[in-house]
Amino acid sequence: MKDIVLAALLLVGIVDQISDGKAMIEYEENGKLKYSYVSLDLSPCVPTEGQTVHFFEDYKIVTCVEDNT
């Protein structure tokens with residue numbers, strides 16, 4: 001049950017900007033663009049601008065999605 005709750009809180013977005021140890025992530029919620037600022041210190045990977053990430057809002061990145069194209 002705990003895993004289901006955590007998965008429901010996990011968001012997908014694109015890293016818009018990285019500055020001062022924080023990443024600004026752009027994501028869509030209910031048809032509207034939103035932004036979340038997360039600490040890179042708490043994140044297990046270091047994303048690049050434009051990279052897709054899975055994250056918890058205003059907390060940390062969980063995974064950086066690799067571009068396989």
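**Close-up views of a predicted model**

Both Tyr27 and Phe55 are buried (under 20% relative accessible area; exposed is over 50%, partly exposed in between; 1.4 Å probe, protein chains only). The model is predicted: local features need pLDDT of at least 70, side-chain atom pairs count only at pLDDT 80 or more, and totals for chains, interfaces and linings use all residues. Residues are numbered from 1 along each chain as its sequence is written, and side-chain values use heavy atoms, with hydrogens and water left out.

**View A. The aromatic pair of Tyr27 and Phe55.** The structure holds one aromatic pair. Rings of Phe, Tyr and Trp (its six-membered ring) pair if their centres lie within 6.5 Å; planes under 30 degrees apart count as stacked, over 60 as edge-to-face and the rest as tilted. Tyr27 and Phe55 are edge-to-face, at 5.4 Å centre to centre and 70° between the planes. Tyr27 belongs to strand β2 and Phe55 to strand β4, so the pair ties together parts 28 residues apart in sequence. Strands (E, at least two residues) and helices (H or I, at least four) are DSSP runs, numbered from the N terminus.

**View B. The disulfide of Cys45 and Cys64.** By the rule used (cysteine sulfur atoms within 2.5 Å), the count is one disulfide. The two sulfur atoms are 2.0 Å apart. The link is right-handed, with 85° about the S-S bond. Cys45 lies in the loop between β3 and β4 and Cys64 in strand β5, so the pair ties together parts 19 residues apart in sequence. Cys45 is buried at 18% relative accessible area. Cys64 is buried at 16%.

**View C. The largest nonpolar core.** Twelve residues make up this core, among them Leu11, Ile25, Tyr27, Phe55 and Cys64. Such a core is a set of buried Ala, Val, Leu, Ile, Met, Phe, Trp, Tyr and Cys residues joined through side-chain atoms within 4.5 Å. β1 (10-19), β2 (22-29), β4 (52-56) and β5 (60-64) each supply at least two core residues. β2 gives the most, with three.

**View D. The open sheet of five strands.** The order is β3-β2-β1-β4-β5, with antiparallel pairing. Two strands pair if DSSP finds at least two bridges between them. β3 (32-39) and β5 stand at the edges with a single partner strand each, so one side of each lacks a neighbour in the sheet. Neighbouring strands are turned by 45° against each other on average, direction ignored (axes are lines fitted to C-alpha atoms, for helices over the stretch in contact; angles run from 0 to 180 degrees between N-to-C directions). β1 and β2 pair over five bridges. Ile18 has Ala23 of β2 as its bridge partner.
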